[in-house]
Structure formats: C-alpha cells, structure tokens
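This briefing concerns a predicted model.

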Amino acid sequence: MRSMLAALLLVTAAGCSSETVFLNGAGATFPNIIYQRWMLDYNGMHPNVQMNYQSIGSGGGIRQFSDGTVDFGGSDAPMNDSAIAALNNNVLHIPTVLGADVLVYNLPEVTTTLRFTQDVVADMFLGRITRWHDARLRAINPGVTLPDRPIIIVYRSDGSGTTYIWTDYLSKISPEWAERVGRGTSVSWPVGIGGRGNEGVAGTVRQTPGAAGYVELGYALINNMPAGLLRNRAGNFIEPTIPAVTAAAAGAMAMMGPDTDFRVSITDPEGADAYPAASFTWLLMHREYTDQLKTRALIDFVWWVLTDGQVVGPELGYAPLPAQMQSWIADRLAAITVEGETVWQRPDR
Amino acid sequence: MTARGTRTVGDTVFRVVLTAFALVIPAVMLALVLELGLQAWPSITRFGAKFLFTSTWDPVAEIYGAAPMIFGTLVSSLLALLLAVPLAVGTAIFLTEFSPTWMRRTVGTLVELLAAIPSVVYGLWGIFVLIPLLRRFVVPVLEATLGWTPLVSGEFYGNSMIAAGFILAIMILPYIATVSREVLQAVPTSQRDAALALGATRWEAVWSVQLPYARTGIVGAIILGLGRALGETMAVTMVIGNRHEISTSILEPGYTMASVIANEFAEATTSLYLSALFEIGLVLFGVTVVVNAFARLLVWRVARGSAAGSTAL
C-alpha cells in the first residue's frame, strides 16, 4: 500500500509539476523579513510550492524543529551538542544570510563618528569605563571633544539573536567577559538598562543623552542611525556596512575549512576589511527526511536562496554570503537522504 | 412517556449541563496550576526557596532567582495605585456631583476610551513622551523634595520604576474611574438630599455620606485596577528598564514577572531555562491570588465597617 502510494506520488510528481507541496518552518525573528520575501518571490516562480514561516523566536524554532512539527527551523544561535545528540545527529545547519550588530550612541555634542577599540567596548559593557570623558576613549578619538557624561548602556531585554552576536563578540575580545558573562540570547548584564526589541533599544538610546547600545545593522541602516567604528583583529577601524559583513564571513572561512558543520561563530574574524560583530543565521534541516517530494522542493528552495536569492539581501539590510561558500553548502544539501537515497544534485550552471 | 416524566428528564439534563458549565472554570484553573507546576518542577526542585529570594538571573550559567521580578511587580503596581486612585475617584466624584451635563458625557467617554488604547501604544508613548516629561518636570521636583530619602536616589536614566508606575496608573485609571462612577451614581439621591437638608456643604455630603455608602464598590474598582496592573506586560516592559536588581529608589530600573516571561520565553532554548520561566508564571499566579484574597478581606472588612457606620447614623 505504502509503496503503491509512493509510486503514485512519484508518477504525479514527474507527470505534472502542479502537485502542490506545503513546507512549514518556524524560528528566528531576525531573518523573518528576508525569509518572507524569499518565499513570496519563490512562490511567484513556483506556484506549486506553498511555504509558511512563523517567526516565533530561535528557541521556539529549535523546539518545533526537534519535535518534528515543522519541516525546517530557523535559528540565530546554533543548536548545542546535547540538543543535536537528542535528535540522533539528524540536523544540518545551513547558513542563509549574514547579520551584524552596530554600536549606536547618543552624544548630542559630538558630530564626528567615534572609534572604539576592543578593550574599550568590553570595558564599557563591563561597567569599567563609566564616563564618555574617559582617557582611553579620548586617546582613540583624537581631535574629538568628548563630554563629561555618564555612559548609560542599553541592551536588548528580550532574548534575541542580536544579543547572541553582541555577547559572542564581547566574549571573543574580552576574556573577562567570557568568564563573567558569556554568550547567549539573554545574559546577565553587568550594567545598563534593557529595551525591548531593536526599536526599544534605539528609542531609549535616542531619548537618553550619554546612552550607548547595540542594534541590528539592517535596523540602523533603514533608520539612518550613526554607528561607531569598531577596530577589527587586523587593527583597522571598520564602518558597519554590508560588504564589511560579507568580508567577515569570507575571513572566517579560512578557519572553518570545507568539512565544517557551519555551527561556527564568525565574530572577531581575520581580514583587513572584516567587520568584527557579525554572524550567520541558520536554517535547520534534517539529514534524513521521509517525504521525497517535500524534501526535493525544500532543497530546491534553499539552493535558490543561496544563489539567486542572495541579491535581495542588501536592500533589506542583510549581508549576502561569500560566493565561495556555495559549493560547501551544496555538498551538504546533496547528501540529504530520503529513506537512504539522495534526492538532489547541484544543478550545472 | 408521560408529561411528568419528560419534565423530570428535562430538569435532569438542564441540571447536568449547568453543573458541567459551572465546573468548567474551576477545572480550567486547576489544569492551569497543575500544568504550570509540572513544567516548573525541574526548576522548583533545583532551586527550592532560593528561587524566590535571590536576585541572580543568569541564563548562561543557568542560575535563576526571581526576587527582583516579584519585588518589581508589587512595587510598580503599588505606585500605579498611589497615583491612579486619587485621580480616578476624584474624576468619578466630579462627574457624578459637580460637572455640567455636557461635560459629564464628554469627559466620561474620553476616560473610558483610555481603556481601548493597546498597551504597546502606551509603551511607545511612554518612551517618547512620558519619560522626557518625567525627566524635565517630575524628577527634578522629586529630587528637590524627597532627594534625601533612599526612595529617590541614584541617576535617572529614563527607563525606571517610576516610569512604569506612571504608565500603569494611566492604564488602570479608566477601570477605577468608570466603576467608581457607576457606584457613586447608584447612591440613592435621598441620602445626599438628607445630608444637604441637615445643612451639610456639598463637600461634606460627598465625604461623609456618599463615599462611605459607595466604599465597598470603590474598593472593588481598585482591586480590578490592581489586577490589571499586576498582569500588564508590554507597556511596562518598554519603560521599566528590565534590570534584574532590587533598588530602593524609584528612579532606578526594575523588572516585573510578566515582562520577563514575555521577553525571554521565545528564545529560551534549554529545558531548565524554560522551567524557570514557568516557575515565574506560577509565582505570578500565586501573587495574584494572594493579593486578591487580601483585597477581598479588605472589602469584607470595609463592608462591615460601613454597615456599622450606618447603624451609628
């Protein structure tokens, strides 16, 4: 009965492409805008593929994906080893696009863009540098008159991938941060006040002279918020831009190697032009699926996302993946199986 | 079947259906508590009573203590009541006793409209309008008058307990004002006329006759407002500062139980983290029940008091 059904499905799939496939996903809110756009565009070209992505948060996405209630998940933080072991290792992390955090601040007196070194950023968020007039801030910003105001740190109070990127960055540049606070979608902040969402942090920073906080790059670009220059590993002060974020992923590829499972942090990467506070956002897929039709449609969609889909990134505030990464991901997609058989091959271009 | 038999069957069915309806609500309550308790169990066994009395909330190290949120929930609601009750009851008295008819309808409708504004709008208004107003006008006055007390100390960053108190006060005002007005309108005119005939001024009639008569109802209105304040999430989250610390100063940021659940639930990835958030839910439920029980006790005592008062008259 079952094989008959499968055969029937195969025949219909081969015979007419109008067999409608429904794909459900859930997870991170950060990439929601570009995922919705991708689904809309893809559905326009392939009307038989109906997709739905619920932006319920990375935690919820991982839970639903693990419970098998959705076909794919979305997450801003990679799943940890124990969660992957609980799924018998049946998980693939596929990077889809890059996000970054920018340091925003409100100093009405200062018109030039401020520069920040690693130790200064870390000590500001650790509560060690408490005033803008600090000698170290003045030393890296020669020629700028910094006011004698208290520094008010503003963080995201809601659990978010944005916070994961920022705390991951701080953990890389400051051993003390890694020890005392660590990285996560919510952490125990040493100082500061919490705003809800990018708009909450941005609003609080705008309303509070002396405030400094972090928001998503896309949010800052769309709202024209001035952002500080961060010094990267190579020693250059980098303006947060889309190309600088893609450069960060390119710089990190050297460390990963082609056998990576992509669960890697790319904050504080190598590369002269690399912006240091950037990260992948991942699509969670299974290594083994049960439904051939669905699986093939899902992989086709993901491959389109990684190739033609990437061009809409910059206009929506997301940085495209480095082009070299496509072939690494293609190998993972080609290895996905349905009942022991592979279902997809990288198309010749 | 006889007519009598049909009636008995009909009565039985009617009774069974009504009993089922009546039992549904306690059953839902019970299921809610059970589910919360079950989900919270890992956190309850792990942290015990420490959960209620410690202030560390560290999802990275998986250490959870809810004291700042319990404190913040109670203090922000108390502040809201302190601000809203005089204003709301005053409005109700004005509208029933002193206002011209055209104003009664306009002001009454406007006050009721306050309840229709979504809380996220209150939150945005709080960030962009209320906090700058507090910074310019209210905080300097407070610092000048009460600056010597620990209640008003430290730096005012904007997002703070006092901002949450003000927002909540505005949000619960329509509930208290509307219900109080209904209650005051229900006071028999003969009561007031009698007081006036005895030579009381308008003020004396309101204060010593109408308010005591309406006392129970007004306390009920306040409880309604308090319930709303304890559970309010979005607007508070946007202005309270979301900091896991207990501070005596109302100028400093704080946190509430409802806020932490709304903030962290979606991204809570580990099971202990989720469990700790469920335990917060359980504690919030417990706090609401205790506060309500306390308020009921108050209503009961007030009711007894007013009965005694009328006997004395």
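Leaving aside residues up to four places away in sequence, A:Y275 touches A:A100, A:L230, A:N232, A:I238, A:P240, A:A244, A:V245, A:A247 and A:A248. A:Y275 is also among the residues with the most contacts inside the largest nonpolar core, together with B:I167 and B:I176.

Nonpolar core
- This largest core has 177 residues.
- Helix 6 of chain B (residues 161-185) supplies its largest share, 18 residues.

Strand 11 of chain A
- All eight of the eight residues in strand 11 (residues 278-285) of chain A are buried, so the strand is largely enclosed by the rest of the structure.
- In a regular strand, side chains alternate between the two faces of the sheet.
- In strand 11 of chain A, A:A278, A:F280, A:W282 and A:L284 point one way, while A:S279, A:T281, A:L283 and A:M285 point the other way.

Pairing of strand 11
- Strand 4 (residues 92-105) of chain A pairs with strand 11 of chain A in the antiparallel sense over eight bridges; A:G99 has A:S279 as its bridge partner.
- Strand 3 (residues 72-75) of chain A also runs antiparallel to strand 11 of chain A, joined by three bridges, and A:G74 has A:L283 as its bridge partner.

Chain A overall
- Chain A contains 14 helices and 14 strands, and 50% of its 349 residues count as buried.
- The C-alpha trace of chain A spans about 80 × 35 × 35 Å along its principal axes.
- Of the contacts in chain A between residues at least 6 apart in sequence, 71% join residues at least 24 apart.

Notes:
Residues numbered from 1 in each chain as written. Chains lettered and ligands numbered in written order. Predicted model: local features only at pLDDT ≥ 70, side-chain atom pairs only at ≥ 80, totals over all residues. Helix = DSSP H or I, 4+ residues; strand = E, 2+ residues; numbered from the N terminus. Buried ≥ 20, exposed ≤ 12 C-beta atoms within 10 Å, placed from the backbone. Contact = placed C-beta atoms within 7 Å. Core = buried A, V, L, I, M, F, W, Y, C linked by C-beta atoms within 7 Å. Pairing = 2+ DSSP bridges.
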